[in-house]
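Here is a short briefing to read alongside the structure. Please have the viewer open as you go through the points.

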Amino acid sequence: MSTYVFIAEALFFAFVILTFMGAILAVRARLLMHAVLGLAVCLLGVAGLYFYLGSIFLTMMQILIYVGAICILMVFGVMVGYTPQEIAESNFKGKNRFLAVAASFTGFFLLLIPLLRATFTPALEKTGDFSLPWLGETLLYRYCMAFELISVVLLAAIIGAIILATGGRES
Amino acid sequence: MLSVSSHLTTYLIIGLVLFVMGIYGMVRHRSFMGMLISTELILCGASINFMAFNRFVLPDPAIGQVFTLFIMGLAAAEAAIVVSFILAVYRKYHTDDPSAVHDLRH
């Protein structure tokens with residue numbers, strides 16, 4: 001039994017390392033295309049973390065929506081909007097590395113200290129479970145309004161994207 | 001026995017590190033596309049936080065999943081808008097540098 005636990009822990013660390021390596025590549029890559037690929041790797045690792053957090057449905061949604069749709073959209077954006085030389089040069093033109101390091105370290109410690117000092121008490125009894133029918137019921141009964149609103153937001157975003165991308169093409 | 005994967009703090013720190021990396025990339029990148037990538041990292045850190053609290057603290061485990069799904073939907077809408085915005089800006093200014101886009105400053 002403990003062998004399985006060890007394998008599970010090792011896989012967890014593999015997902016964490018995948019996430020962090022992907023994030024580092026996404027943030028520090030010189031080519032924009034490499035950054036998008038690093039983002040895809042990072043999101044795959046996060047999908048694995050969702051699996052460890054008990055939600056297989058969100059694991060699949062993460063892979064489908066983020067890796068399958070958003071990253072492909074970004075790849076299209078990079079390939080359509082830039083010439084190859086600009087892809088190589090457009091990243092990291094400024095010299096604001098010090099500013100970036102200062103901002104991120106300040107944010108890290110400002111958030112880490114309350115995180116380590118806080119105590120979170122788990123709920124005494126569970127009123128639901130991780131099953132897909134219960135998730136669908138919650139989504140479409142209790143959060144029905146938010147669900148409809150996000151549909152409208154997506155529709156508006158798609159129409160706006162089409163108008164923005166095609167407007168001014170003649171000139 | 002190793003049991004790092006069953007602690008709330010582990011996931012919170014993972015989400016925090018992703019969030020901070022997103023902030024680093026947001027300041028460091030000098031292109032709209034790089035900033036969009038960093039935004040996705042920030043949203044991902046927030047999603048991990050929601051899912052961690054959902055798993056370890058909340059009484060009803062469906063709520064955090066619903067919120068994470070909403071974050072995914074908003075991220076998809078935002079990515080579509082920003083990519084078309086980048087295309088429009090690139091067509092007009094022939095650059096992707098955010099500091100070069102300053103027509104309203106004249």
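This is a predicted model: local features need pLDDT of at least 70, side-chain atom pairs count only at pLDDT 80 or more; totals for chains, interfaces and linings use all residues.

In it, 76 residues of chain B are in contact with 89 residues of chain A. Chain B and chain A bury about 7200 Å² between them, and 76% of that area is on carbon and sulfur atoms. On the chain B side, B:Y24, B:R28 and B:M72 lose the most area to chain A, together accounting for 10% of what that side buries.

**Helix 5 of chain A with helix 1 of chain B**

- Helix 5 (residues 97-117) of chain A packs against helix 1 (residues 8-28) of chain B at an angle of about 160°, and their axes are 8 Å apart.
- Angles over 145 degrees count as roughly antiparallel, so helix 5 of chain A and helix 1 of chain B are roughly antiparallel to each other.
- The crossing of helix 5 of chain A past helix 1 of chain B is right-handed.
- From helix 5 of chain A, the residues making this contact include A:R97, A:L99, A:S104, A:G107, A:F108 and A:L116.
- From helix 1 of chain B, they include B:T9, B:L12, B:F19, B:Y24 and B:R28.
- Sorted by class, the residues of the contact between helix 5 of chain A and helix 1 of chain B are 18 nonpolar, three polar and two charged.

**Helix 1 of chain A with helix 1 of chain B**

- The axes of helix 1 (residues 2-28) of chain A and helix 1 of chain B come within 9 Å, crossing at roughly 10°.
- Angles under 35 degrees count as roughly parallel, so helix 1 of chain A and helix 1 of chain B are roughly parallel to each other.
- Among the residues that meet here are A:F12, A:T19, A:F20 and A:R28 in helix 1 of chain A, and B:T10, B:Y11, B:M21, B:Y24 and B:G25 in helix 1 of chain B.
- The contact of helix 1 of chain A with helix 1 of chain B has twelve nonpolar, three polar and one charged residues.

**Helix 7 of chain A with helix 3 of chain B**

- Helix 7 (residues 144-166) of chain A and helix 3 (residues 62-93) of chain B have axes that come within 9 Å and cross at roughly 15°.
- That angle makes helix 7 of chain A roughly parallel to helix 3 of chain B.
- Helix 7 of chain A passes helix 3 of chain B in a left-handed crossing.
- Where helix 7 of chain A meets helix 3 of chain B, the residues include A:F147, A:G160 and A:L164 on one side and B:F70, B:G73, B:S84, B:F85 and B:R91 on the other.
- In this contact of helix 7 of chain A with helix 3 of chain B, 16 residues are nonpolar, three polar and one charged.

**Annotated transmembrane regions**

- For chain A, an unreviewed UniProt entry gives the annotation "transmembrane region" to residues 6-27, 34-57, 63-82, 98-120 and 140-165.
- Residues 34-57 of chain A are 88% helix and 0% strand, with end C-alpha atoms 28 Å apart.
- Residues 98-120 of chain A are 87% helix and 0% strand, with end C-alpha atoms 35 Å apart.
- For chain B, the same annotation, from an unreviewed UniProt entry, covers residues 6-27, 34-53 and 65-90.
- Residues 6-27 of chain B are 91% helix and 0% strand, and their end C-alpha atoms lie 33 Å apart.
- Residues 34-53 of chain B are 100% helix and 0% strand, and their end C-alpha atoms lie 29 Å apart.

Terms used:
Residues are numbered from 1 along each chain as its sequence is written. Chains are lettered from A and ligands numbered from 1 in the order in which they are written. Side-chain values use heavy atoms; hydrogens and water are left out. Axes are lines fitted to C-alpha atoms, for helices over the stretch in contact, and angles run from 0 to 180 degrees between N-to-C directions. Helices (H or I, at least four residues) and strands (E, at least two) are DSSP runs, numbered from the N terminus. Angles under 35 degrees count as roughly parallel, over 145 as roughly antiparallel, 65 to 115 as roughly perpendicular and the rest as oblique. A crossing is left-handed if the near helix is turned anticlockwise from the far one by less than a right angle, and right-handed if clockwise. Contact means heavy atoms within 4.5 Å. Ala, Val, Leu, Ile, Met, Phe, Trp, Tyr, Cys and Pro count as nonpolar, Asp, Glu, Lys and Arg as charged, and the others, Gly among them, as polar. UniProt positions are given in the numbering used here, feature names are shortened, and annotations may be inferred rather than shown by experiment. Buried area is the accessible area (1.4 Å probe) that two parts lose on being put together, summed over both.
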